[in-house]
Amino acid sequence: MRPSPAVRRPTPAVSGLGRPSWLLVPAALGMLFILLPVCAMLTRISWPDLPALVGSPSSVAALLLSLRTSLASTALCVLLGTPMAVVLARTSFRGQGVLRSLVLLPLVLPPVVSGIALLYTFGRRGLLGHTLDVLGMQVAFTTTAVVMAQTFVALPFLVVSLEGALRTGGQRYEEVAASLGARPSTVFRRVTLPLVLPGLVSGAVLSFARSLGEFGATITFAGSLQGVTRTLPLEIYLQRETDPQAAVALSILLVAVATLVIGTTGRRRGLL
Amino acid sequence: MTLQASFSVGARGVEATLEVAAGETLAVLGPNGAGKSTVLGVLAGLVRPDRGRGTLRGRALFDTGSGDREVWVPAHARRVALMAQEPRLFPHLSALDNVAFGPRSQGARRSRARRLARGWLESVDAADLAARRPAQLSGGQAQRVALARALAADPELLLLDEPMAALDVAVAPAMRQLLREALRDRAAVVVTHDVLDAALLADRVVVLDGGRVVEDGRTETVLSRPRSPFSARIAGLNLLRGRSRGTAVVTDAGLHVEGMPEDGLRDGDAAVAVFSPNAVAVYRTAPTGSPRNVMTGVVTEVEPHGHQVRIRIPGVTADVTPAAVAELDLAPGVEVVFTVKASEVAVYPA
Amino acid sequence: MVVLATAACGGPSSSAPPRGQEPVSAAAGGTGRALTVFAAASLQQTFTRIGTQFEHAHPGVRVVFSFAGSSDLAAQLVQGAPADVYASADTRTMGEAVSGGVVEGAPVVFATNTLEIAVPPGNPARVRSFADLARPGLKVVVCAPQVPCGSATDRVEGASGVALRPVSEEQSVTDVLGKVMTGEADAGLVYVTDVRRAGSRVDGVPFAQSRVAVNTYPVAVVKRSRNPALARQFVTAVTGASGQDVLRAAGFGAP
């Protein structure tokens with residue numbers, strides 16, 4: 001396959017049409033509002049100590065655990081969220097609006113509450129706890145619980161951005177594909193998915209970022225143990241108890257990882 | 001018959017009956033909102049009719065009630081290919097893979113599908129575009145590839161929705177010629193609002209208005225002897241409806257239009273009086289002692305029409321020379337008198 | 001994070017305590033005075049009661065509390081947050097305030113606290129002693145060594161020779177208690193006062209080795225206090241008979 005420069009033409013950055021110059025002021029303020037705290041954090045780092053702080057066994061364990069769990073939860077989000085988005089975007093049924101709002105619930109729930117809700121469901125004395133116990137599965141205090149907590153809070157991001165892409169794209173191509181004899185599965189695989197791939201990727205990146213920063217639901221549902229459930233945000237919060245310097249250094253690490261992932265994926269696909 | 005379909009879609013106010021004989025191309029004409037796209041949607045399997053039955057080469061496509069249970073064949077199993085107004089080429093596939101999509105979906109191996117696709121691209125003079133992405137094609141090129149793609153799916157019925165509407169005037173003739181060849185001996189339904197498409201592509205014409213079939217006949221008959229205002233307009237003819245009385249048609253507004261009635265027309269029958277805008281003479285004041293039909297009105301429109309100028313008063317148009325426009329000082333708002341000789345007016349049953 | 005960000009943006013003056021707010025002056029007749037007390041979160045119930053008693057004894061005085069983690073409060077004080085009294089849950093965080101130069105004189109220890117085993121009501125796992133906590137398969141939750149209750153746990157482990165294999169090392173006693181209350185954990189190590197406060201939602205199992213890790217609570221007057229005399233009176237109220245009664249009733253030990 002040849003790359004196609006024309007599929008997504010570079011936006012001609014010429015005129016200021018639709019961009020009055022006064023708009024630059026609040027835009028710049030917004031940028032500053034985000035950048036300034038990050039810069040302030042950078043000024044507080046003692047750079048000579050950075051390698052030691054970031055390279056400590058507990059930090060490395062937390063980083064690796066965070067990357068592992070965030071990747072796993074992103075994969076789960078894609079596997080579960082894609083069908084959810086397609087069902088929401090491509091069918092209409094009674095109560096669909098209500099269902100969509102419910103799917104978005106984890107966005108508004110305080111993460112700690114999400115953690116409690118998960119506990120009430122999958123915990124030992126939760127709704128499914130007994131069933132899981134009989135099956136020999138105990139979720140609490142395991143890495144699985146971390147992945148579940150992250151998936152719970154990150155799933156809406158994937159569903160929302162993918163459903164948006166599906167709705168914007170419409171069904172024009174799918175109709176043509178069907179009329180050419182393609183079965184629904186073929187249409188999904190060869191037309192729908194490739195066309196919403198940018199939306200899927202940006203949704204996955206958002207989910208990954210949300211998983212990486214997850215704190216409240218994890219600490220409530222999964223606990224905190226080095227190498228098992230203590231992800232980078234939990235480690236940062238704990239380090240802050242005794243060594244704020246280390247906490248800041250680890251935060252820089254988290255910011256760097258997130259920027260790297262979002263930056264590379266986003267820029268390459270020209271999405272974010 | 002290749003296609004027989006009779007159905008209604010309540011939500012869109014459409015109730016239509018269509019037939020397409022083997023190898024025949026049917027043009028569906030009608031003003032905007034007449035229900036043309038709904039008709040194509042029902043045939044393609046994209047819109048579910050409330051009631052009705054449709055068969056293609058004897059196979060049921062849909063049937064809401066004559067049998068024990070409802071029949072609804074999904075779009076992909078109908079062998080009905082749709083070519084839309086805009087090409088809708090899959091943007092992530094090359095032109096070749098777009099054309100190969102149909103054969104691939106129907107089970108052909110990649111190499112065979114591509115071989116077939118190459119053949120179809122050649123048949124629409126687009127072999128050199130095979131490797132391009134849709135975004136690298138012009139409108140005309142893309143529509144040619146879209147035609148090849150529809151044909152490559154080997155449909156038993158081809159549906160074309162305004163296939164020329166999105167094309168430049170400059171490339172439309174070539175596309176029309178291509179379609180003319182492609183549709184020869186192929187069962188097809190072409191939705192169009194362009195009389196030229198109907199005249200050059202279709203064997204038969206159906207005129208839809210307000211969701212109903214108002215005319216159905218051979219293309220040349222409908223265009224030369226229109227029975228509905230819409231077909232008269234696209235055929236470029238004036239048409240006045242009313243009831244037959246003697247050699248005249250009397251309209252609801254009470255206007256008498258004398259003409260040459262067809263044999264067998266009886267007084268009181270619904271009838272139309274049809275005449276060409278070229279047969280209309282235009283005056284500022286009514287000529288005295290004329291045996292002609294006289295229609296008075298205020299000019300609503302003056303616009304160029306080929307080498308002539310088309311003058312419109314409510315319900316009737318006249319084509320005059322630019323010199324006459326200047327001489328009579330014709331402009332919207334001016335009251336004028338149209339006259340037409342009875343010998344120029346055809347009167348036949350509506 | 002909050003402290004760092006605000007400090008970087010606007011200097012010390014812009015950082016405010018989360019709940020204490022500015023001292024409110026001038027109630028009726030101009031005699032109204034406010035006393036701002038920064039106190040460890042575990043002191044919330046007892047200090048609120050002592051504060052009410054203090055207000056009764058000192059008409060026109062309003063006691064305003066900011067309850068948070070001891071180290072958070074120490075950090076806020078060092079950043080210049082306005083307060084009159086600082087009561088911490090351990091000597092280490094008080095040490096930070098002392099070395100930060102924000103307290104006046106020597107801190108006074110006013111209470112102690114020891115660890116206790118918290119178990120779900122009815123003690124389903126039948127935990128009877130500290131040694132029981134090392135039983136294989138038992139889900140034990142403790143505080144992380146970085147926080148005071150965790151360092152106390154470390155000391156008990158060292159002294160008793162019992163090595164715990166906790167399933168989680170939590171950030172705070174609240175998190176430990178939460179895991180025990182919901183039954184996720186079979187047992188957790190928290191303070192006596194936490195077990196008392198949780199009421200019927202957990203049962204307490206005292207153990208002898210807790211004596212080796214006695215947590216002390218120091219209190220001190222803040223150097224920048226605008227009412228140093230009143231602040232000293234509040235410290236006296238805490239260390240005095242009525243204050244001690246309140247603390248003892250909540251399970252705190254004598255200094």
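Start by selecting chain A and chain B together: in this predicted model, the two chains bury about 2400 Å² between them. Carbon and sulfur atoms give 63% of that area. To highlight the contact itself, pick out 24 residues from chain A and 26 residues from chain B. On the chain B side, select B:His76, B:Arg88 and B:Phe101, which lose the most area to chain A. Together these three make up 27% of what chain B's side buries.

Next, look for charged pairs across the contact. Two salt bridges are counted between chain B and chain A.

For one of them, show the side chains of B:Glu86 and A:Arg172, which meet with N and O 3.3 Å apart. This pair joins two chains, because B:Glu86 sits in the loop between β7 (80-83) and α2 (95-105) of chain B, while A:Arg172 belongs to helix α9 (residues 172-179) of chain A. B:Glu86 is partly exposed, at 27% relative accessible area, and A:Arg172 is also partly exposed, at 34%.

Now move to B:Arg88, which forms a salt bridge with A:Glu175; their closest N and O atoms are 3.4 Å apart. Is B:Arg88 buried or exposed? Its relative accessibility is 15%, so B:Arg88 counts as buried, the cut-off being under 20%.

Leave the contact and select B:Arg225 and B:Glu262, whose side chains form a salt bridge at 2.4 Å, N to O. The two residues are 37 apart in the chain and link distant parts of it. B:Arg225 is in the loop between α7 (219-224) and α8 (229-234) of chain B, and B:Glu262 is in the loop between β15 (260-261) and β16 (270-275). Both are partly exposed: B:Arg225 at 28% and B:Glu262 at 31%.

Then select B:Arg57, B:Arg59, B:Arg79, B:Asp154 and B:Glu156, which salt bridges with shared partners join into one network. Over all chains, the whole structure holds 29 salt bridges.

What elements does chain A contain? There are 13 helices and zero strands. The C-alpha trace spans about 65 × 60 × 40 Å along its principal axes. Of the 272 residues of chain A, 43% count as buried. Colouring by charge brings up 22 positive and 9 negative side chains, with the centres of the two sets 14 Å apart.

Definitions and conventions:
Residues are numbered from 1 along each chain as its sequence is written. Chains are lettered from A and ligands numbered from 1 in the order in which they are written. This is a predicted model: local features need pLDDT of at least 70, side-chain atom pairs count only at pLDDT 80 or more; totals for chains, interfaces and linings use all residues. Side-chain values use heavy atoms; hydrogens and water are left out. Helices (H or I, at least four residues) and strands (E, at least two) are DSSP runs, numbered from the N terminus. Buried means under 20% relative accessible area, exposed over 50%, partly exposed in between (1.4 Å probe, protein chains only). Lys and Arg count as positive and Asp and Glu as negative; His and the chain ends are not counted. The place of a charge is taken as NZ of Lys, CZ of Arg, CG of Asp or CD of Glu. Contact means heavy atoms within 4.5 Å. Buried area is the accessible area (1.4 Å probe) that two parts lose on being put together, summed over both. A salt bridge is a side-chain nitrogen of Lys or Arg within 4 Å of a carboxyl oxygen of Asp or Glu.
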